Amino acid sequence: HLKSFLLSEYYQELDEAVLLDGALRGMFEAVGDPYTSYLDLRDYDDLMMSTRGTYGGIGIIVTADEDGFVSVISPIEGTPGERAGLATGDRILRVDNQSVSGNRLDDAVALMRGEPDTEVTLEMIKRNQRESVEIIIQRETIRIQSVRSEMLEEGIGYIRISSFDEQTARDFQTHMEYLKRLQMDRLVLDLRNNPGGLLSQANRIADLLLGE
């Protein structure tokens, strides 16, 4: 048995759970179908969050900057992160007293997420400052905005759909009705870089545009 052989013969101690996870991922990859994949608990939770369109957190978009820090790209409008004064370029050093790094961005994001009405403590360096500060933020339910729109010019409406979650079709209909009130008679539908999501929502939007 390969697992037993590795555990007994490898020159360092191995984590059996990590080996099992790797074996499962390998089997699914061997199928050769890009839509057949293995999800661990975190991957599954992320998928469920993206299809619900909501999550518990503070409402900031982060990235790994060139120096390896977790850096704020921007807070989402109307969220606890914005109200706490987080801004582009702020660097997050610790979350609830745990060090975070841009090399493990997913871990930092997971620490900041949590149940609404719970608190999270961030130690961070504000942009253009040297000394770190601690900020306590209360998490809320954050709504992911998957649809946005604008009028490009007279009669031409623009709708961008960034993903298909449980609320996308309803939001799309709201945006369509608003643009029609502005006398839209042509529509640009922007689906670039949309990773997909719920097929039912895509079908509902197609029905709105194409009828039966």
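1. Thr168 touches Ser146, Val147, Ile161, Ser163, Gln201 and Ile205, leaving aside residues up to four places away in sequence; contact means heavy atoms within 4.5 Å. Thr168 is buried, with a relative accessible area of 0% (buried is under 20%, by a 1.4 Å probe on protein chains only). Thr168 belongs to helix H6, residues 168-181, where helices are DSSP runs of H or I with at least four residues, and strands are runs of E with at least two, numbered from the N terminus.

2. This is a predicted model, in which local features need pLDDT of at least 70 and side-chain atom pairs pLDDT 80 or more, while totals for chains, interfaces and linings use all residues. Residues are numbered from 1 along each chain, and side-chain values use heavy atoms, without hydrogens and water.

3. The side chain of Thr168 also reaches the backbone nitrogen of Asp165, at 2.8 Å.

4. Helix H3 covers residues 41-52. Its 12 residues should span 16 Å at 1.5 Å a residue, and the end C-alpha atoms are 16 Å apart, which agrees; the expected span is 1.5 Å times one less than the number of residues. Asp40 caps the N-terminal end of H3, with a side-chain oxygen 3.2 Å from the backbone nitrogen of Arg42. After H3 comes Gly53, with a positive phi near 85°.

5. H3 gives the most to the lining of the largest pocket, 8 residues. That lining divides into 15 nonpolar, 6 polar and 8 charged residues. Strands S1 (54-57), S2 (60-64) and S8 (140-143) and helix H5 (105-112) are among the elements that each supply at least two lining residues.

Methods:
Nonpolar A, V, L, I, M, F, W, Y, C, P; charged D, E, K, R; others polar. Polar contact = N/O pair within 3.5 Å; in protein donor to acceptor, adjacent residues only side chain to side chain. Buried < 20%, exposed > 50% of the residue type's maximum accessible area, 1.4 Å probe, protein only.
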